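The following account concerns a predicted model.

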Amino acid sequence: MAREKKKEDSFFDLVHEVARLIPRGRVTSYGAIAKYLGTGKSARVVGYAMNAAHTSKFRVPAHRVLNRNGLLTGKHHFGSPDEMQKLLEKEGVKVIKDQVQDFKEIFWDPNTELDL
DNA sequence: CGATTGACGTACG
DNA sequence: TCGTACGCCAATC
């Protein structure tokens with residue numbers, strides 16, 4: 001009765017929330033989010049959670065989450081692989097050959113930005 | 001309940 | 001410097 005809504009405390013929601021906190025025009029890495037969530041070395045779980053982002057009721061800007069190399073590793077998981085790059089460029093992020101330019105300059109680290 | 005997978009990361013050769 | 005192997009944690013089958 002009291003549970004009118006199922007609270008999804010899954011790791012997914014945690015990643016989804018952080019992903020939504022990413023400012024427009026900024027990008028982050030799976031490892032950064034993983035560390036922020038406490039997963040630490042298991043950046044894989046973050047990527048896995050991103051896969052579930054599609055199932056989240058909220059819109060998760062997964063296109064702002066890249067791997068440690070600033071490479072659009074998960075572009076294939078979008079409706080269209082070109083859409084991810086298109087979205088990033090639309091936000092002012094230059095992407096060449098699936099590689100984000102000035103990745104370290106637009107890199108948004110939740111551990112630094114949120115803990116500031 | 002056990003084995004496999006996964007949008008990563010780091011270490012080693 | 002580049003390529004390959006392993007580890008890590010959680011979800012899914």
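In this predicted model, the largest nonpolar core comprises 15 residues, and V15, I33, V46, M50 and V65 are those with the most contacts inside it. Two or more residues of this core come from each of the elements α1, α2 (30–37) and α3. The largest share, four residues, is supplied by α3. The surroundings of V15 illustrate the packing: leaving aside residues up to four places away in sequence, V15 touches I33, L37, V46, A49 and M50. Another core lies apart from this one; it has 10 residues, including L72, L88, V93 and V95. In soluble globular proteins, nonpolar side chains tend to be buried together.

The DNA-facing surface may be considered next. The residues around DNA strand C are S10, F11, F12, S42, R44, V45 and Y48. By class, four residues of this surface are nonpolar, two are polar and one is charged. Which parts of DNA strand C do the atoms within 4 Å of the protein belong to? Sugar or phosphate accounts for 70% of these atoms, and bases for the rest. The elements that contribute two or more residues to the surface near DNA strand C are α1 (11–20) and α3 (43–53). The greatest contribution, three residues, is that of α3, the element that also gives the largest share of the 15-residue core.

In the side chain of S42, an N or O atom is 2.6 Å from a sugar or linking oxygen of DNA strand C. For Y48, a polar side-chain atom is 3.3 Å from a sugar or linking oxygen of DNA strand C.

Notes: Residues numbered from 1 in each chain as written. Chains lettered and ligands numbered in written order. Predicted model: local features only at pLDDT ≥ 70, side-chain atom pairs only at ≥ 80, totals over all residues. Heavy atoms only, no water. Near = heavy atom within 4 Å. Polar contact = N/O pair within 3.5 Å; in protein donor to acceptor, adjacent residues only side chain to side chain. Nonpolar A, V, L, I, M, F, W, Y, C, P; charged D, E, K, R; others polar. Core = buried A, V, L, I, M, F, W, Y, C linked by side-chain atoms within 4.5 Å. Buried < 20%, exposed > 50% of the residue type's maximum accessible area, 1.4 Å probe, protein only. Contact = heavy atoms within 4.5 Å.
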